[in-house]
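Me: I am new to this one and would like to understand the terms used for it. Could you show it to me and then take my questions?

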Amino acid sequence: MDRFSKERLHWAFVMASVLAVGGAIAAALSGNMLVPIAIVLFAALAKARIVILDFMGLRRAGGALRFALVAWPLTFVLLALSRTILVAIAAPV
């Protein structure tokens, strides 16, 4: 691994950490609000994508494995977001 790759990996880790901390803060302050929960979920999706593509070394890879590994967290984010929307609709105001 050359110096450029190490620096890129370092900054990807820093960005993933910032997304995780920001998501935790937004989740702690969200209550029952839909928008902060959606922001946290999409930050988690961005973090998962960074981990899959950079840390697993699949940025330049093609094929079904890369698609499946990115689609997996997307599926869970969409399920969690749909649950949040259904709870927001069903909850009395």
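Reply: Let's start with Leu45, which sits in helix α2. Helices here are DSSP runs (H or I, at least four residues; strands are E, at least two), numbered from the N terminus. The model is predicted, so local features need pLDDT of at least 70 and side-chain atom pairs 80 or more, while totals for chains, interfaces and linings use all residues. Residues are numbered from 1 along each chain as its sequence is written, and side-chain values use heavy atoms, leaving out hydrogens and water.

Me: Why does Leu45 count as buried?

Reply: Buried means under 20% relative accessible area, exposed means over 50%, and partly exposed lies in between (1.4 Å probe, protein chains only). Leu45 has a relative accessibility of 17%, so it counts as buried.

Me: What does Leu45 touch, not counting residues up to four places away in sequence?

Reply: Leu45 touches Pro73, Leu74 and Val77, where contact means heavy atoms within 4.5 Å.

Me: Why are α2 and α3 called roughly antiparallel?

Reply: Helix α2 (residues 34-55) and α3 pack at an angle of about 170°, with axes 10 Å apart. Axes are lines fitted to C-alpha atoms, for helices over the stretch in contact, and angles run from 0 to 180 degrees between N-to-C directions. Under 35 degrees counts as roughly parallel, over 145 as roughly antiparallel, 65 to 115 as roughly perpendicular and the rest as oblique. The two helices are therefore roughly antiparallel.

Me: How do you know that the span of α2 agrees with its number of residues?

Reply: The expected span is 1.5 Å times one less than the number of residues. For the 22 residues of α2 that should be 32 Å, and the end C-alpha atoms are 31 Å apart, which agrees.

Me: What makes Trp72 and Phe76 an edge-to-face pair?

Reply: Rings of Phe, Tyr and Trp (its six-membered ring) pair if their centres lie within 6.5 Å; planes under 30 degrees apart are stacked, over 60 edge-to-face and the rest tilted. By this rule there is 1 aromatic pair. The rings of Trp72 and Phe76 are 4.9 Å apart centre to centre, with 80° between the planes, and the pair is edge-to-face. The two residues are 4 apart in helix α3 (residues 64-90), which means about one helical turn separates them.
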